[in-house]
Amino acid sequence: MKLKNYQTNQSIKVTGPVSNLHQDCRHQVCTSTLMSLPAYDDQERSESQSYDELQRTSSEYIFKEAYEFLSMYQTAKGLSVESFRARLDAIKFEIESTGLYTHTTAEIEYGCQLAWRNSARCINRLYWPTLEVLDKRNITSNHEMFVIICDHLRMAYNQGVLKATILVMNREARLWSTQYLRFACYQELNGSLIGDPMNQELTKAAMKLGWNKPLKERTQWDLLPIIVQCDPNLPPSWFELPEDLRPIVFLSHPDPTYDAAMKSLGLRWIAQPFVSDKAVEIGGIVYKCVPFSGWFMETEIGRNLCDIQRYNIIPKLAALLDLDVTAAANAQLNVDRIYVEVNAAILHSFQQAKITIVDHHTAAAGFMKFMREEAKDRGNTPADWVWLVPPISSGMSVLFHQEMLNYVVRPRVIDQCDPWTYYQPFQMYCNDVKISHIRRNTYFFKVLRIACIIIGLAVRAQKKQISIHILYASTTGIAKSYAEQIRKRLIPDGYRTTLAELDAYSFHREDKTQAVTIIITSTFGQGNAPEGGQQLEKWLKKKMNEIDRCMQNQGVNFSHLSYSQLKKSLQWCTYAVCAIGSSAYPSFCGFGKLIDRVLQLLGAHQLVPLVTCDALHFQYRTFDEWTQKIIVALKKLDLHNCETQLHQQIPLLPSCSSPISSASNIEPQNSLATFVRPQYIPLNFDGKIDEISTTQQVGPFTKDNPYNAVVLKNIELIGAFNSQYDCAAESPETRQQLATVSDTIQNESFILSECNEARKDEYHSVRLIVFETVGWSYCPGDHVCILPENTIENINAIILACGWQLESKLLSDTCSLACLSNNKYKTLREILTWFVDLTSAPRPDMLNIIATYATNTNEQRQIMDLGKGERFYENWLNEKPTIIDMLNQFGSIKIPIEDLIQVSAFYEKIV
């Protein structure tokens, strides 16, 4: 049979064991993924709870195994036939007399080497012939065991040049410690864990034996004592290792950023593994205390630190490195990035400490060499693919592509149960601490009575408490996970919360009991609802149509009454909406915005403003900030006070037009649908005029400190409408105009709507841009970010459309709208130039708000029809309208410039 490697396209010819090519483990059960396996094929895993799990008393079985092992030993050592027969007769006589037999030291040494050689789950078996064996089967006390273990530690560590060694003790001895060096795990009163969760049960066992650390001295890096038991009939003993036998490597990283983060967490690990919870079977005899030492492959330590069920350091490192590792950012591969850097730090730290370690690629190459040698020497070797393939960059490993066969060969390494699980004094201790029957019953009924009273009072208070309904609609599970997170944040504060899908909650109900509704939803497709919110989407659109009909028939009395009823229908509801999406899509968070808008129109009270969590821009951080606002707002509501009236705490959004500053050139308009408008930042001026600096530019140049570039060429490279703008042919005055206040390019050919129409993707553009590089200083790999800006013609058109004079000095004064760009752009002209996108077509959400500024009823109706986002809107998009085109088309729109900027900045922001 040939085992093929699909990476190298080479095959290894093996001779077995393949008894029947038509029957494999799939016809039974494959157990490769189980962490521990029963020692014998006729055992169940549950049988591993007794002391005699590994002891086979059948003389026939032991002699059969002894004969097979001795045959291998004779062949390897070149023993004569007479010596083989004499040794076999001696073994047979001993088995008949005592039921067991005793190995020689040479047999023990070769048997342990073969056990390592046959260990299907070990990747470093290439070095099996170099395994050094310490035969210490003559120990008789726990103290002797500990002394020998200390000697073993010194010998195997070898001043950092680690050795592969194994220590063999008598058949009855057990080492309770799963490894010589293990970090403790303490359970706090609140249920949280400090330390390595893998060692929680071992820590409890050590404490029962008398080891402990004061509460104030406990850390997550406390080493457990060595627990030894030389005889099952004698109690175990624990010993603290001396300081010189506690080799620890503190992690560092060559990159200062990662180095600072890792050192702040105090990351470290033991320098050498000493696996001591396995047993070895040699010729039918099982040795239960055989601690084995080797060296680490870096991924072992990486998993110990990063696995969720272990130290789980990735979220902590992510917070320090300001990386998003939530499910929302899976596509950014930040978890993988941190995991790789942790492994890099491990390799770097061990190399700095001059301690032996191997990376997973080198180990994989070594195993392939071992596998080829084994195929030549004995036909094949057992190999468990599931365990051998590295847990990091698996597809890049040669082992990932290698076919393997997994089977059992003796001598072998086998699993065994933890000794404290069957230690009788522990079970007796549990019985001794039980309270007497009468006293226990009395105590129980007293506690039960008190508990019933407390629970009854709590239930009565909770029924009066206002409910918080946390609703989600999720496609990939991100919105649901966020909903679960916010519920976990609220429960400890005593809030009465429920968690459900959006469609499972009814906003149309007879019961008008006040409630708080927290909605977290993603967006599917073109701004549609994801699964779990589609029924609500239909209901919202139905309500929008009813509102539209009311507006169209506003002169009729019964319609006015109908709208009055509509805008009071959800006054019982206080809500908050978190919309999740990606700004890479045109209908960014469309469904969440629809929910927020319709709930406002129906009279619901907004707890906190709508938030949009962008997957491309620190989504988790935006969510955390929104969660904090929710918690603060809920505390102000005082929901624990059963008499709280929500509508008295959270006022409705203003139902009048947005505030118009005294400096505005537009008079307030009496819109027919002013209830749609959000509340805007008033426009104020402080009278300061920022002077443009003419000093020489100083790097480094970033998005916030751009270089004033001069554009020499700007050429469209694709399609039938290729355009070329040759700046070199222009006059110096024109070229100077192109070197604008930022490094953006003032060129009409950059408007995406004017790109190649011949292609299926009408927004696709490929351009050649040539800059004047005199005075530039850059290195290979530096990036160029081109920040688009609006043309002076478009800016002036907007200013005039909003009723301002182009010569107004206020346009260059610092204004209150600077906060929209975090004070990056401070004047109206700067904001219109670099912050608001004036060239893209207005989106439906924006059109619905713009409609409220139209004074002509027919035009207002047309704009709201466009705001529905249906075929009428799609036909309108074919004309590629901009905001300026819209203002020209609907001349009755009278919108203050500050309102237009804020609406545009929300829906059509450049950066």
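**Group meeting: a walk through the predicted chain**

Among contacts in the chain (heavy atoms within 4.5 Å) between residues at least 6 apart in sequence, 73% join residues at least 24 apart. Before I go on, this is a predicted model, in which local features need pLDDT of at least 70 and side-chain atom pairs count only at pLDDT 80 or more, while totals for chains, interfaces and linings use all residues. Residues are numbered from 1 along each chain as its sequence is written, and side-chain values use heavy atoms, with hydrogens and water left out.

The chain has 27 helices and 29 strands, taken as DSSP runs of at least four residues (H or I) for helices and at least two (E) for strands, numbered from the N terminus. Of the 911 residues, 46% are buried, that is, under 20% relative accessible area with a 1.4 Å probe, counting protein chains only.

Leu3 has Ile12 in E2 as its bridge partner, and the two strands form a hairpin with 4 residues between them, where Asn9 in the turn has a positive phi of about 65 degrees.

Next comes an open sheet of 3 strands in the order E5-E8-E9, with antiparallel pairing. Strand E5 (174-175) and strand E9 (237-239) each have a single partner strand and stand at the edges, so one side of each lacks a neighbour in the sheet. E5 pairs with strand E8 (residues 226-229) over 2 bridges, and the bridge partner of Arg174 in E8 is Gln229. Helix H4 (residues 142-157) lies across E5, E8 and E9, and runs at about 130 degrees to E8, where axes are lines fitted to C-alpha atoms, for helices over the stretch in contact, and angles run from 0 to 180 degrees between N-to-C directions.

In helix H5 (residues 200-208), the buried residues are Gln200, Leu202, Thr203, Ala205 and Ala206, and just after H5, Gly210 takes a positive phi of about 115 degrees.

Finally, helix H14 (residues 478-490) packs against helix H18 (residues 619-637) at an angle of about 35 degrees, with their axes 11 Å apart. Residues making this contact include Ile478, Tyr482 and Ile486 of H14, together with Phe623, Trp626 and Ile630 of H18.

Notes. Buried < 20%, exposed > 50% of the residue type's maximum accessible area, 1.4 Å probe, protein only. Pairing = 2+ DSSP bridges.
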